[in-house]
Amino acid sequence: MLLAGLRHPNLPRVTDHFVILEQGQYLVLDLVEGKSLYQMMVEHGGPLDESQVLGWTRQVCEALTYLHSLTPPIVHRDIKPDNIIVTSDGKAMLVDFGISKAYDPAKGTTIGAKAVTRGFSPPEQYGSGRTEPRSDVYALGATLYLLLTGRMPPEAPDLASGAEELTPPNQLNPALSKPTSSTILAAIVPNISERLPSVKAFVDGLATTNNAPASGPPAGSPSAAPTLRVATSVSMRRLVVDPQKGDHSTIAKAIKAAQPGDRIEVQPGVYKEAIVIDKPLEIVGQGPMAKIVISSSVNVVNMSTSSAAIRNL
């Protein structure tokens, strides 16, 4: 099995696997307890501190360098803030190998199901494209883009076609160092031949920006739990939805007006609408769930982002 022999301190250990007829294959992995980087960003109301994010990123890059150095190399293909878990002792763990593939330089990886995560997957992961280690570099850049700016990067096909442009990260967050911003831009390049060539090249670009350690403090130490600081240049807004007296009368209007990372608070009422969540937001129902009714003749909630938190609805 592809993942059975993996051994790295920043990867969960695969302990077993089994097959259920007509259902598929299943993996048994070590439990990783902690919080995802996306969850941390939401809880702290916006972009995370650069030095801490880069410390965790270096740990993830060590795991990726290990995966890419295997024979054959393994491409993760689903790197995003949700799939990086930070434990209580500060260790960053790269999880969720559900769509990983072995890379054959002669053939590339094949895409069976169209397994993509909007905003994070590179163009070659769409349709009949072929992925390789540089595909993980793109996703790394996109991951840092969201964590350090609070804004979801455009979808890769839109960047490739010119329908959208990528705003430099340090324009969205002026507190961000120029080397980090430049490295992120060099990773999120639609044309794979023009992208940073390896995870090492990505790390080398980040390494000039600060001296954050690559590993967390020892377990049980007073500083074991990471201390997060929100970049002062970007702040989370709170939008209230109330049919009578809120900032917005419908949830859909609030989502349209919201910026990535904002918090939408839904007051009790009847909302006859279908909503599309297309950016990283926190949407929270206020009051008893039974008093918040959302109804529609079509799907009530449609997600076009993998990075949104919905609670009490």
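Analyst: A helix is a DSSP run of H or I with at least four residues, and a strand is a DSSP run of E with at least two; both are numbered from the N terminus. On this basis the secondary structure of the chain comes to 8 helices and 15 strands. The model is a predicted one, in which local features need pLDDT of at least 70 and side-chain atom pairs count only at pLDDT 80 or more, while totals for chains, interfaces and linings use all residues. Residues are numbered from 1 along each chain as its sequence is written, and side-chain values use heavy atoms, with hydrogens and water left out.

User: What makes β3, β5 and β6 an open sheet?

Analyst: Two strands pair if DSSP finds at least two bridges between them. S36 stands opposite I85 in β5. The order of the 3 strands is β3-β5-β6, with antiparallel pairing.

User: Which helix lies across β5 and β6, and at what angle to β6 does it run?

Analyst: Helix α2 (residues 50-68) lies across both strands and runs at about 40° to β6. Such an angle is taken between N-to-C directions, from 0 to 180 degrees, with axes fitted to C-alpha atoms and, for helices, over the stretch in contact.

User: Why is the pair R118 and E155 called a salt bridge?

Analyst: The term requires a side-chain nitrogen of Lys or Arg within 4 Å of a carboxyl oxygen of Asp or Glu. The closest N and O atoms of R118 and E155 are 3.8 Å apart, so the pair meets the cut-off. This pair links distant parts of the chain, 37 residues apart: R118 is in the loop between β7 (101-102) and α3 (133-149), and E155 is in the loop between α3 and α4 (156-161). By this rule the count comes to 8 salt bridges. Among them is the pair R134 and E132, at 2.9 Å from N to O. R263, E265 and E282 are linked in a network of salt bridges.

User: What makes E124 and R195 a salt bridge, and where do they lie?

Analyst: Their side chains meet at 2.8 Å, N to O, so the distance is within the cut-off for a salt bridge. E124 is in the loop between β7 and α3, whereas R195 is in the loop between α6 (178-187) and α7 (199-207), and the two are 71 residues apart. E124 is buried at 11% relative accessible area, and R195 is buried at 3%.

User: Which residues is P243 in contact with beyond its neighbours within four places in sequence?

Analyst: Contact means heavy atoms within 4.5 Å. By that rule P243 is in contact with S249, P268, G269 and Y271. P243 and P268 are 25 residues apart in sequence, and their C-alpha atoms are 8.7 Å apart. P243 lies in the loop between β8 (238-241) and α8 (251-257) and is partly exposed, at 33%.

User: What is noted about the backbone of R77?

Analyst: R77 has a positive phi of about 70° although it is not a glycine. R77 is found in the loop between β4 and β5, and its 4% relative accessible area places it in the buried class. In a separate loop, between α2 and β4 (74-75), lies P72; the peptide bond from T71 to P72 is cis, with omega near -5°.

Technical notes. Buried means under 20% relative accessible area, exposed over 50%, partly exposed in between (1.4 Å probe, protein chains only).
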